[in-house]
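Biologist: Please show me the chain. I would like to go through its fold and one of its helices.

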Amino acid sequence: MRIQGVRLLIVEDDPTLGGVWADIMGDAGAEVAGPCPSVVRALEAIDECSPAVAMLDIHLQDGTSFPAAKALTASRVPVLFVSSCEPQEVPPELRARLYLRKPLAVREVMATLRELPHAL
């Protein structure tokens, strides 16, 4: 998969998991922003880095990532939810976003990122 130079925002409150994903995506050539452990930090990162695509855990330190997902969607940035929660927890207006359930395999994430139409 070609992600060389793609600005990828990672929103994940687990520092170990977030770091692993940042390393994997960085090694694949992405320009990684994050991992952001909170909604506040995710919203700041959206303004700072103008991501081309985002991977969002749903439950964060200070709430859910839904405000960040809405901001990204409003800017036409593709969103991939990665979470251990039930897909039904996603608000109806965000359910069209891609969703993967944790635990995840790298191959599964990469294949799903390929489905994001204008991100890569």
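This is a predicted model: local features need pLDDT of at least 70, side-chain atom pairs count only at pLDDT 80 or more; totals for chains, interfaces and linings use all residues.

Modeller: Residues are numbered from 1 along each chain as its sequence is written, and side-chain values use heavy atoms, with hydrogens and water left out.

Biologist: Which pattern does the chain follow along the sequence?

Modeller: Helices (H or I, at least four residues) and strands (E, at least two) are DSSP runs, numbered from the N terminus. The chain has four helices and seven strands. Read along the sequence, the pattern is β-α-β-α-β-β-β-α-β-β-α.

Biologist: What share of the 120 residues is buried?

Modeller: Buried means under 20% relative accessible area, exposed over 50%, and partly exposed in between, with a 1.4 Å probe and protein chains only. By that cut-off, the buried share of the 120 residues is 43%.

Biologist: Where do the buried residues of helix 4 lie, seen down its axis?

Modeller: Helix 4 covers residues 106–114, and Val109, Met110, Thr112 and Leu113 are buried there. Taking directions from the helix axis to the C-beta atoms, these buried residues fall within an arc of 165°, so they line one face of the helix.

Biologist: Which exposed residues does the face turned away from the buried side of helix 4 carry?

Modeller: The buried side packs against helix 1 (15–27), strand 3 (53–56), strand 6 (79–83) and strand 7 (98–101), with contact meaning heavy atoms within 4.5 Å. The face turned away from it carries the exposed Arg107 and Arg114.
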